[in-house]
Amino acid sequence: MKFLHEFRDPALAITLLDQIKHTARRTWVLMEVCGGQTHSLLRHGIDVELQGIVELIHGPGCPVCVTETSAIDLAQRLALRPGIQLMSFGDMLRVPGSCGSLLTARAAGANVMTVYSPLDAVRYAQSHPDQQIVFFAVGFETTAPATALAVLQARNLGLQNFSVLVSHVRVQPAMEALMQEPHHRVQGFLAAGHVCTITGFDVYKDFAKRFRVPIVVTGFEPVDLLQGILACVTQLESGRSEVQNCYGRSVEQFGNPAALRVVEAVYEIADRTWRGLGVIPAGGYRLREGFAEFDAHQRFDLSRPQPADHADDSLRCRAGDILTGRLTPCDCPEFGNACTPDSPLGAPMVSSEGACAAYFRYHRRSVL
Amino acid sequence: MTDSFSWSPNCPIPVTADTQRISLAHGEGARLSRRLIAEHILPRFSTSKNRGFADAARVTTVGCRLAICTDSHTVSPMFFPGGNLGSLAVFGTVNDLAVAGACPRWLTLSLIIEEGLPLVVLEQILDSVAAAAGACHVEIIAGDTKVVPRGAADGLFINTSGVGELVDPVPPGPHSIKVGDKLLVSGPIGQHGIAVMSARDSFAFEWATKSDSCSVIPHVTALRNSVGGHLRAIRDATRGGVSAVLHEWAQECGHTFALTESQIPVTEDVRGACELLGLDPLYVANEGTIVVAIDPRFAEAAATALRQVPGCELAAIVGEVQPQGISPVTIRRTFAAPQPLDEPSGAPLPRIC
């Protein structure tokens with residue numbers, strides 16, 4: 001398959017690995033921002049191959065991991081109301097809220113359905129005028145444009161039965177928050193390739209300068225990741241801190257202008273609570289006033305999250321430490337004991353992008 | 001019939017069931033039930049013509065050992081590229097018998113129908129049941145029909161139970177798997193799961209992938225005729241995919257199953273869909289693809305024999321059995337070091353981005 005085999009080529013991967021080993025004169029600490037990158041690194045054993053040369057710490061870029069508990073609770077409450085059909089991405093369904101996940105809510109009678117795209121939810125709303133369709137919109141800059149487009153489509157179609165529960169987050173403010181932590185260890189970033197496909201890489205220029213940290217836009221296949229790591233290590237060894245694009249087949253300097261236009265039209269930037277990290281200034285999107293009729297909060301007169309909704313966060317799950325790279329999943333006392341993908345204590349153990357799930361899947365030296 | 005009701009103005013309105021859809025009355029044991037069975041079900045199964053409405057079918061076997069299995073089938077949507085619920089219900093049970101080393105002979109057919117199912121849909125499914133049974137040379141010799149209220153089932157559930165005659169040499173089973181044995185798959189993996197997913201309304205994708213749903217009797221026969229006495233275990237890799245089978249075997253025999261990713265056959269379509277959805281083909285369901293463990297000296301012969309079977313041209317040796325290692329199942333991907341391959345945890349859900 002084009003763009004797949006060549007980026008999984010073992011010979012090329014080994015060459016890059018050797019180049020990294022020759023370039024690095026000390027151990028560098030890099031953070032891969034996106035959970036998809038974390039999974040790929042562990043799946044292909046790159047972290048093990050680079051032991052002692054590059055320490056990879058895993059960033060906050062797992063969209064379901066950072067979705068706040070109260071948002072999941074709200075989605076559950078909505079899905080239990082008669083006449084409402086809640087829709088979301090498959091990954092979101094297993095993430096625990098205060099009392100179970102959307103999957104457990106479905107077993108208890110809630111109307112929860114998986115869609116691949118919010119546009120499918122609009123299509124469904126069109127063909128089911130007797131139901132209220134609520135799309136639970138989670139994810140980073142990658143998924144925010146599709147939700148925005150769905151809202152615009154719903155407006156153009158004059159749909160009265162489609163609304164969104166927006167929980168979209170923005171990755172750069174979270175990276176800034178990390179760099180402002182007094183004891184952070186990040187020396188270089190592998191920026192999230194898919195987020196940058198939307199935003200472009202120009203937006204990181206000031207960031208790299210301000211924090212004197214190299215930012216290398218990186219893809220998801222083994223060769224992509226190794227190229228990103230090599231570029232980052234090369235910069236660090238020569239004392240540079242620049243923005244560099246190593247995912248050229250997808251990312252352009254100014255991103256995807258069409259996507260950015262719909263985002264700008266539909267959302268405004270807002271502070272957002274990130275699960276495990278707290279409130280991140282400018283860390284999310286909310287619908288603009290002009291789209292209030294498509295806001296599920298308004299349509300269903302939803303109360304804002306109750307303080308009790310936060311009670312379970314961080315009690316036993318140390319998602320905040322995991323998402324900021326302060327703790328490696330294997331070092332969490334609950335990892336593999338009380339917390340497994342079958343009975344997760346927190347979101348990072350659930351998703352296909354969660355760091356704990358990646359360690360459980362690829363690093364657990366399980367006994368037969 | 002209308003005349004016969006006209007004499008009594010006080011008589012309740014007669015049941016004039018909508019003949020186009022299944023109603024609860026079709027399951028209440030009265031005339032409509034009998035007509036459903038007599039007019040729509042029995043005629044499709046020629047072998048049952050002379051058996052009528054007896055309570056039990058009678059069969060005769062001569063001194064052979066039997067294998068018996070049962071499986072309930074539900075799939076949403078009922079029709080998908082490469083098959084439907086009817087063919088699936090036959091092949092599913094036939095394949096369970098075949099991989100156990102049996103020649104499938106008889107099936108029972110139990111229908112649980114949701115009120116409101118269009119009769120034409122039921123007929124299409126039953127036609128597929130009949131065609132699949134014919135292709136496998138199995139007789140459908142007993143059956144049952146129930147109708148449940150709307151909402152109590154998802155259109156149609158089918159249970160089939162099967163009886164087959166064991167044919168020597170019967171593969172001894174996973175407990176006999178030894179270190180050094182080789183692992184084979186009979187063809188490209190993950191096609192059924194992706195085909196069903198592509199047929200779901202919620203995915204606005206169109207993939208060319210067809211389900212691999214078929215009988216594996218030819219696969220097992222080819223193996224039996226070529227390397228029969230050297231087979232350890234055969235399994236059809238249905239729900240949970242190849243990974244689920246190997247995890248079950250690992251638990252039974254206590255060894256580690258080591259796969260090499262580059263040797264595992266996957267079509268470009270399935271590969272692309274899995275990449276897009278964030279799934280691993282090793283966890284995606286198959287309905288006509290088998291996993292085989294065999295004495296290593298006969299692995300090549302087994303692969304060659306399988307490749308003669310239509311649909312199995314890509315059969316391949318994909319791994320080997322090793323002493324207990326880091327994980328029950330491991331896989332070598334980009335680098336030489338094996339990585340653990342986790343046991344599937346529930347149905348695979350597509351990722352976000």
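A: With the bounds: domain limits here come from an automatic or database domain assignment. This is a predicted model. Chain A is divided into domain 1 (5-61 + 182-245) and domain 2 (69-168 + 256-310). Their C-alpha centres lie 32 Å apart.

Q: How many residues does each domain bring to the contact?

A: Domain 1 of chain A gives seven residues and domain 2 of chain A gives nine.

Q: How do I read the size of that interface?

A: Interface size is often given as the accessible area lost when the parts come together. Here the two domains of chain A bury about 660 Å² between them. Carbon and sulfur atoms carry 78% of that area. On the domain 1 side, P60(A), V195(A) and I198(A) lose the most area, together 70% of what that side buries.

Q: What polar links cross the interface of domain 1 and domain 2 of chain A?

A: Two residue pairs are in polar contact, both at pLDDT 80 or more. Salt bridges number zero. Among the elements on the domain 1 side, α9(A) gives the most, with five residues.

Q: Now the cysteines. Which ones form a disulfide?

A: Judge by sulfur distance: the cut-off is 2.5 Å. C62(A) and C65(A) pass, with sulfur atoms 2.2 Å apart. The whole structure holds one disulfide. The S-S torsion is about 70 degrees, so this disulfide is right-handed. C62(A) is buried at 2% relative accessible area, and C65(A) is buried at 1%.

How values were computed: Residues are numbered from 1 along each chain as its sequence is written. Chains are lettered from A and ligands numbered from 1 in the order in which they are written. This is a predicted model: local features need pLDDT of at least 70, side-chain atom pairs count only at pLDDT 80 or more; totals for chains, interfaces and linings use all residues. Side-chain values use heavy atoms; hydrogens and water are left out. Buried means under 20% relative accessible area, exposed over 50%, partly exposed in between (1.4 Å probe, protein chains only). Contact means heavy atoms within 4.5 Å. Buried area is the accessible area (1.4 Å probe) that two parts lose on being put together, summed over both. A salt bridge is a side-chain nitrogen of Lys or Arg within 4 Å of a carboxyl oxygen of Asp or Glu. A polar contact is a pair of N or O atoms within 3.5 Å; within protein, one must be able to donate a hydrogen and the other to accept it, and residues adjacent in sequence count only if both atoms are side-chain atoms. Helices (H or I, at least four residues) and strands (E, at least two) are DSSP runs, numbered from the N terminus.
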